[in-house]
Amino acid sequence: MQSKAVLSKQIAYISINPSGKFVKSAQVGFKDVGLFPEFMIHVNPGKRIKNEFKKYRLGIFSNFLIPKFKQHFGNKRSFKNEIIEIEIPITKKVGALNSEETIRFIKDNNIKYLINCGAGIFRKKITDINGLYIVNAHAGKLPDYRNMNVVEWALYNSQKVIGTIHLINSGIDTGDILLEEEIYLNKVSDYIVAREYAFDQVIKIAGKAVLDFAEGKIKPKKQPKEGKRWYTMHPYFHKKLNLILKTRND
Amino acid sequence: MNTIKLISNHTSKLIPLGLSSLNPANTLVIVKNAFSLLFRQQWNNYISKNNKQYSELAKYSLNWLKYSQNTVGSGGVGCYEFYRWTKGYPEVTGYIIPTFWDAFHLFGDEEYKNRAIRMADWELKLQKPDGGWEGFYEGDGQPMVVFNSGQVLRGLIRTFKETKEKKYLDAAIKGANWIVNTQDEDGSWTSTNFKQMKRVYDTYVTAPLAELYTLTKDERYKESCIKNAEFVLRNQHKNGWFELCDNSLLNNEAPVTHTISYTIDGLIETGLHLQINKYIQAGKLAADELMHKAEILPLLPARFDKDWKKRANYVCNTGNAQLGIILMRLYEITGEARYMNTALKLGDFLAYVQNLNSVGKNRAGGITGSYPIWGMYCPLKYPSWASKYFTDLVLYLNKYAK
């Protein structure tokens, strides 16, 4: 069994926002199991913004940039007690997620575990790198809750919210499962808080999943091909969900 | 290449259409569409953001249909084409009739009922001695067409159910008999269909035929429906996509969402009337794929190839509305909220399009063929069927999402 120090040198976070709360929460989870990942791959958000511009044109401000800005700076309710500063020794800035630059960095540094902290969609040329495990935190039970807004949909359907750590393959939320854990949202009465809290909780167990997997304590579990895909919840259902949550807590 | 062929087939319309674009109201619509393309996704949550009600949107759309009926004058409903109003369209008026009956029951306004009856009576006058109805607009000199006749059946059956007047049922039976008698051995219709094309969207004919079976218990109708549905299933790929699904000779490799939705809706409705689950499931399979596309793409493109890859850069608004209706039906069948979720978004988009193109009395409340308005599905046109399906969709949403 390799030491935690050696394992830490094989782990990299990958994100378009390296100082964001998603990375911070992941760091808390890794620290709890004694791991301190060595690398951060910082993906330049330019390409993402360009893609969003194609989608929204001049509507990018009201539909993407302003909501993202609000999301980033506006809501820190679930994180206020856990602002941590853990240094990541090596940061590499890359122009695009699925670029040769990213592939070269992963290979040159023998990175074995790539922790996805909001980097975008991984293409085959990354997922097919030999010996690389891309780890994702998904706040829904797989394969029943694939794709988007799964916390809200599970709550709307009166089902348990299950956080899943899984490997990324060429599909969306279809990779092998490493770890599942229930996320308790009993007292939450607002869907935005529920979603943020759930993602915060699930990324925190990524460290444990990686450690247990590296030590051979867990075996990846294959997902059936069939599953359910969920999409962005329409505001009509958001309103309905908030009513359900409020009634439940009254 | 197909687009060029399509344009060259309609050269007679190009000059009047080009000139009509100089009409200030038409110019304004075109300019508004151009600006709309610069500010994408303004339709997200459009209905709620603008404090609109589904019932109010339905009435606005129904007003356009009423205006069309008044302008056409015969009793039928026509389309606005930027430079003229067309004559009444027997096929489309046929399936508009149930929409007016629904509006009558919801709003309690006798005018909707009277108009539905006027449309049905107009259809009776147009029925050919053999039982079918002509293609295209009234008096265009087209032969009888099975697909078009099937849609007239929808209006007559509904009017019979509402009024109990036997003349509507008799005409429907006469039409149905002609449809059944002209069916090919393989279950399709060829010789009596548009351009003699063998197509799968005739499920939208078997649906009213199946409904008529529930009324008359005439086994020939049921057998005909099953024969056609089996033909359609033989032409469905494993991923839900359909061969022989476009209403043109040129675009079968990438059918339009309008005819894909006809096929899906027809399969589900036929399955429901005859209580044959595999037809419902076959429709659901294709609907799930289209729903996925509607969710992940900024707009639902008008055409899809056999791998469900998009093959158009414009939206067929009718196809969007029809898909919304199908998803609401699947929501009713399965109780799964994701169907309604997508239907709500399609409703938002179409309400935005309705507002965008409502300039002047000829266009107020109407739905255009494409978004943007110059898209290749009925360019620069307000087809009556787009308004019909939009009305049906918002009435459906009004029922569940008030």
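Over all chains, the structure holds 38 salt bridges, a salt bridge being a side-chain nitrogen of Lys or Arg within 4 Å of a carboxyl oxygen of Asp or Glu. This is a predicted model, in which local features need pLDDT of at least 70 and side-chain atom pairs count only at pLDDT 80 or more, while totals for chains, interfaces and linings use all residues. Residues are numbered from 1 along each chain as its sequence is written, chains are lettered from A and ligands numbered from 1 in the order in which they are written, and side-chain values use heavy atoms, with hydrogens and water left out.

Nine residue pairs are in polar contact between chain B and chain A, both residues being at pLDDT 80 or more. A polar contact is a pair of N or O atoms within 3.5 Å; within protein, one must be able to donate a hydrogen and the other to accept it, and residues adjacent in sequence count only if both atoms are side-chain atoms.

Helices (H or I, at least four residues) and strands (E, at least two) are DSSP runs, numbered from the N terminus.

Between chain B and chain A the count is one salt bridge. It joins the side chains of E336(B) and K228(A), at 3.4 Å from N to O. Side chains of opposite charge can pair when their charged atoms come close. The two side chains also make a polar contact at 3.4 Å. E336(B) lies in the loop between α14 (317-334) and α15 of chain B. With a relative accessible area of 18%, E336(B) is buried, since buried means under 20% relative accessible area, exposed over 50%, and partly exposed in between (1.4 Å probe, protein chains only). Apart from its neighbours within four places in sequence, E336(B) is in contact with K228(A) and Y331(B).

Helix α10 of chain A, residues 235-249, also meets elements of chain B. Its buried residues are Y236(A), F237(A), H238(A), L241(A), N242(A) and L245(A). What covers them includes α7 (150-156) and α8 (191-204) of chain A together with α15 and α16 of chain B. The 15 residues of α10(A) should span 21 Å at 1.5 Å a residue, and its end C-alpha atoms are 21 Å apart, which agrees; the expected span is 1.5 Å times one less than the number of residues.

Helix α16 of chain B (residues 384-400) has 17 residues, which should span 24 Å, and its end C-alpha atoms are 25 Å apart, which agrees. Of these 17 residues, 15 are buried, so α16(B) is largely enclosed by the rest of the structure.

Within chain B, Y204(B) is found in helix α10 (residues 203-216) and is buried, with a relative accessible area of 4%. Its side chain makes a polar contact with the side chain of Y389(B) at 2.9 Å. Leaving aside neighbours within four places in sequence, the residues in contact with Y204(B) include Y95(B), F147(B), R154(B) and D265(B). The C-alpha atoms of Y204(B) and D265(B) are separated by 6.9 Å, although the residues are 61 apart along the chain.

Other salt bridges lie within single chains. D128(A) pairs with K124(A), with the closest N and O atoms 3.4 Å apart, and both residues are exposed. E101(A) forms a salt bridge with K92(A) at 3.9 Å; E101(A) is partly exposed at 28% relative accessibility, as is K92(A) at 27%. Finally, K141(A), E180(A) and K221(A) are linked in a network of salt bridges.

Notes:
Contact means heavy atoms within 4.5 Å.
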